[in-house]
Amino acid sequence: YAFRHPLVRATVYSGLSRARKTALHAALAHAIEQIRPDDIESLSHHFANAELVDRAAVFAERAGDRAASVYATTLAETHYRRLVQLCEGLYRPEETARAREKLAGVLRIIGQYDEAIHLLTQVIRARTDAGDLEGAGRATAAIGLTHHRRGTADAGIAAVEAMIPMLAPLGPGVALAALYNA
């Protein structure tokens with residue numbers, strides 16, 4: 001539908017039942033997917049409002065990745081925050097960790113170091129619990145670099161130095177190299 005004024009649209013929308021809104025968002029999402037499959041931002045929005053969380057997460061990640069690739073950090077942050085929320089709702093620790101790591105990467109760029117460190121700490125915990133020491137090592141390297149940017153290099157060095165002995169027995173790898181590089 002096309003409305004002449006945004007308030008008309010808002011008024012009509014507010015009068016719809018939750019079930020009707022969900023059904024309309026689902027119909028819109030499926031139509032957009034057929035007609036404009038590259039409109040990932042709209043697809044993420046409509047699938048989320050249609051409560052089709054799996055599909056919404058896929059498109060939120062794609063939208064965040066696309067925004068991040070062109071340094072649209074505010075937009076990437078918005079999409080990655082939605083992705084984290086969706087993944088948490090799905091109770092999928094690995095996907096949640098990946099989403100948090102992507103959000104932390106954007107937050108590091110825009111200087112929100114404290115939140116980035118908090119998210120990366122959650123990533124390390126999740127990856128360690130899952131037995132993914134390589135992933136935990138990469139997140140630790142990111143924490144080290146974030147502390148450096150934040151001006152708290154000593155805390156970053158301590159985190160990196162604590163992780164190196166855990167990864168060293170695994171032999172050379174990307175995470176160990178990242179730790180030495182951090």
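Where is the place of Glu 51? Glu 51 sits in the loop between helix 3 (40-49) and helix 4, helices being DSSP runs of H or I with at least four residues, numbered from the N terminus. The structure is a predicted model, in which local features need pLDDT of at least 70 and side-chain atom pairs count only at pLDDT 80 or more, while totals for chains, interfaces and linings use all residues. Residues are numbered from 1 along each chain as its sequence is written, and side-chain values use heavy atoms, with hydrogens and water left out.

Most residues other than glycine have a negative phi. Glu 51, however, has a positive phi near 65°. Its relative accessibility is 42%, so Glu 51 counts as partly exposed (buried means under 20% relative accessible area, exposed over 50%, and partly exposed in between, with a 1.4 Å probe and protein chains only). Tyr 71, in the loop between helix 4 and helix 5, also has a positive phi, near 60°. With a relative accessibility of 66%, Tyr 71 counts as exposed.

Two packed helices are described by the angle between their axes and the distance between the axes. For helix 4 (residues 53-69) and helix 5 (residues 73-90), the angle is about 155° and the axes are 8 Å apart; axes are lines fitted to C-alpha atoms over the stretch in contact, and angles run from 0 to 180 degrees between N-to-C directions. The two helices are therefore roughly antiparallel, a term for angles over 145 degrees. Residues of helix 4 that meet helix 5 include Val 53, Ala 60 and Gly 64, and their counterparts in helix 5 include Leu 75, His 79 and Leu 86; contact means heavy atoms within 4.5 Å. By class, this contact has 13 nonpolar, two polar and four charged residues (Ala, Val, Leu, Ile, Met, Phe, Trp, Tyr, Cys and Pro count as nonpolar, Asp, Glu, Lys and Arg as charged, and the others, Gly among them, as polar).

Helix 8 (residues 133-150) has 18 residues and should span 26 Å at 1.5 Å a residue, which agrees with the 25 Å between its end C-alpha atoms; the expected span is 1.5 Å times one less than the number of residues. Among its buried residues are Gly 137, Ile 143 and His 147, and the cover over the buried residues includes helix 6 (93-109), helix 7 (113-129), helix 9 (153-167) and helix 10 (174-181). Ala 136, in helix 8, counts as buried at 0% relative accessibility. Beyond its neighbours within four places in sequence, Ala 136 is in contact with Ile 124, Arg 127, Thr 128 and Met 163. Helix 8 is followed by Gly 151, with a positive phi near 95°.

How values were computed
Angles under 35 degrees count as roughly parallel, over 145 as roughly antiparallel, 65 to 115 as roughly perpendicular and the rest as oblique.
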